[in-house]
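Thanks for making the time this morning.

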Amino acid sequence: MSATTYSCRRPFVRDSVPRPEREAFAIPFPRDQGKPIDIEIGCGTGHHSIVYARHHPERILIAIEHTHERFGKFKKQADRAGLPNLIPVHANAISWIAHLVPAGAVERFFLLYPNPYPKDRQRNKRWHAMPFMSCLLDCLRPGGTVTLATNELFYAAEAQEYMRACWELDCIQYLELQGARESVAHCRTLFEYKYLARGETCYDQVWVKPSV
Ligand SMILES: C[S@@+](CC[C@H](N)C(=O)[O-])C[C@H]1O[C@@H](n2cnc3c(N)ncnc32)[C@H](O)[C@@H]1O
């Protein structure tokens, strides 16, 4: 694919993105804490977020989910876990990131099992094909990574093309996960557990933003 095959360079207009709701807007971006900052987009009920924050006390994870129901479950578990380095945010990730995250401030982004939007006319809703990706990459520091997992081969293949040709990232990992796991505790996320239990393959990619 050439960079112009898909309209991947449509400009992202930050000012046209609505501000997050008041409560989410009031959550400050954690500056000057001396710890690297990571963001998980669409964390669902937060299984990965909680396990990740617990295993990485030396990092800060901002975990964003926009549905009321999933965020409610996540928040309950997060409160119970009492992890000072985990910041749950109930918001549309596009609004929160566009309005509150400074350039170059994030070291790792996680996009784990995003909605695939499989119809052709829905392509512009897939993360790698959205103009928002340019904003996300502005927020990522050089040398930082984007982890993208999906159970859809078409989505994994398309993301490979976009990440390389449109966004000029380097792929540092491409794994195919297979085989049902004993329990959710053996998976990163609930959706990963569900897909592997159904005998599907999960595609796990890590991309790095080149240092200039
Ligand atoms: C298929 S689920 C995967 C959830 C979780 N990552 C997992 O693997 O178990 C996708 C999640 O992304 C959330 N999501 C989609 N777009 C979002 C956005 N713009 N901001 C925040 N969350 C979003 C959805 O509400 C949903 O919970």
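Around the ligand there are 20 residues, and those that come nearest are Gly42, Gly44, Ala93, Thr189 and Phe191. Please keep in mind as we go on that this is a predicted model. The largest share, three residues, is the one that comes from helix 7.

Seven strands form an open sheet, the order being 3-2-1-4-5-7-6, and the pairing in it is mixed. At the edges we have strand 3, residues 86–90, and strand 6, residues 170–177, each of which pairs on one side only. Neighbouring strands of this sheet are turned against each other by 15° on average, if direction is ignored. As for what packs on it, helix 2, residues 47–55, touches strand 1 (37–41), strand 2, strand 3 and strand 4 (106–112), and the direction of helix 2 makes about 175° with that of strand 2.

Strand 7, residues 202–208, runs antiparallel to strand 6, and seven bridges join the two. Within that pairing, Cys171 stands opposite Trp207, while Tyr174 has Gln205 as its bridge partner. Strand 7 also pairs with strand 5, residues 140–150, again in the antiparallel sense, over six bridges, and there the bridge partner of Thr145 is Val208 of strand 7.

Is His66 buried or exposed? His66 counts as buried because 20 other C-beta atoms lie within 10 Å, and the cut-off for that class is 20 or more. Leaving aside residues up to four places away in sequence, His66 touches Ala91, Asn92 and Ala93, and Ala93 is also among the residues that come nearest to the ligand. For a sense of scale, His66 and Ala105 are 39 residues apart in sequence and 22 Å apart in space, taken C-alpha to C-alpha.

The last two residues I want to raise concern the backbone. As background, most residues other than glycine have a negative phi. Tyr113, however, has a positive phi of about 55° although it is not a glycine, and Glu168 likewise has a positive phi of about 55° without being a glycine. Tyr113 is found in the loop between strand 4 and helix 5, which covers 132–139, whereas the place of Glu168 is in the loop between helix 6, at 153–166, and strand 6. Which of the two classes, buried or exposed, does Glu168 fall into? Glu168 is exposed, because 12 other C-beta atoms lie within 10 Å and the exposed class takes 12 or fewer. Tyr113, by contrast, is buried, since 22 other C-beta atoms lie within 10 Å of it.

Key:
Residues numbered from 1 in each chain as written. Predicted model: local features only at pLDDT ≥ 70, side-chain atom pairs only at ≥ 80, totals over all residues. Near = placed C-beta within 6 Å. Helix = DSSP H or I, 4+ residues; strand = E, 2+ residues; numbered from the N terminus. Pairing = 2+ DSSP bridges. Axes fitted to C-alpha atoms, helices over the stretch in contact; angles between N-to-C directions. Contact = placed C-beta atoms within 7 Å.
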